[in-house]
Amino acid sequence: MIVGQDRAVSQFSEAWATRKLHHAWLLAGPKGIGKASFAHAAARRVLAEAAGPPFDLPALATAEDHPIVKLVEAGSHPDMRHLERLVNEKTGNLKQDISVEQIRELGEFLNLSAALSPWRVVVIDTVDELNRNAANALLKMLEEPQPNTLFFLVSHAPGRLLPTIRSRCRRLEFNKLDDDAMTSIMETHATDLKAAERQQVIAMSFGSAGRAVAFAELGLAKLEEAALAILRQGDPTNTRRSDLANELGKKASVDRYAAFLDLAPSLIAREARQLDGAPRERALDAYEKARELAVIAPRLSLDPAATVFQLGGILAEVAS
């Protein structure tokens, strides 16, 4: 079930019901609000309904015991491809981007006849992560689409895509989730949290259910408190940022470090909205610096402790 995105669900469901729909769908919006979940739900619905046996369920719903749904969930449906960054076998980390080789393999798949129904589905999560050659190769496929083929392109930052890719897609907007939707999701996925703890996680997640679930699992509430202390009170002796760097620089803290990189720019943005004049200008400048650092640090494999220390310095600039 896709929570809080009724408009997007309705728009695609109505188009699919007519079978006269655009071949490429750009799923645009912030990270963690249901775009990838939507893409997979839509893929299940299209492939199951096209192949049968028939069923009578609303919108994107499908039965878990449907044979086609089982194939999709197992990742073994012959008429579906899901593209994402691959793991670097040498480092064990995800590669920096989706390569042109992956897109070329996708082209080979599209040149084959569909196996179980006339329809095929491609999910790219995320299209933001295609390198330039891969993006150009994808563009050719979008310009000359194969019949009965649907592309679902997940994008957290559609403004950074090639304009020619955007122009060949129908765009579905996904909005930040409201508190009711967030509470519903957290009650399902974070049952061990007390109500007060759940609300604290929701407040620091800025309408992103994916972020909220991750934050709850990683216990980021204390990290938020430490970051806000630097943001509001500064760090003249470097003690606070050093403590953060020491905690998040440990090998066992890889996931918490990644989540903190995601959290810090959002905290600055929230703080900026409450400020005026020079403090607001400092906050906006710090937000741009923090966002840039959060993006490049994983891609360049920057040292986590040094990155957190630098990020702490950016937070402290707001209070100066």
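Are Phe12 and Trp25 buried or exposed? I checked, and Phe12 is buried, as is Trp25; buried means under 20% relative accessible area, exposed over 50% and partly exposed in between, with a 1.4 Å probe and protein chains only.

A note on what I'm looking at: this is a predicted model, where local features need pLDDT of at least 70, side-chain atom pairs count only at pLDDT 80 or more, and totals for chains, interfaces and linings use all residues. Residues are numbered from 1 along each chain as its sequence is written, and side-chain values use heavy atoms, with hydrogens and water left out.

Next, the rings. I searched the whole structure and got six aromatic pairs (rings of Phe, Tyr and Trp, the last by its six-membered ring, with centres within 6.5 Å; planes under 30 degrees apart are stacked, over 60 edge-to-face, the rest tilted). Phe12 and Trp25 are edge-to-face because their planes stand at 80 degrees, with the ring centres 5.0 Å apart. I found Phe12 in helix H1 (residues 6-18) and Trp25 in strand S1 (residues 24-28), 13 residues apart. Helices (H or I, at least four residues) and strands (E, at least two) are DSSP runs, numbered from the N terminus.

I also looked up Trp16 and Trp119, an edge-to-face pair with 5.0 Å centre to centre and 80 degrees between the planes. Trp16 sits in helix H1, while Trp119 is in the loop between helix H4 (100-110) and strand S3 (120-125), 103 residues apart. Both are buried.

Last, I asked what lies over the face of Trp16. Arg19 does, at 3.7 Å from the ring centre (the rule: NZ of Lys or CZ of Arg within 6 Å of the ring centre and within 35 degrees of the ring normal).
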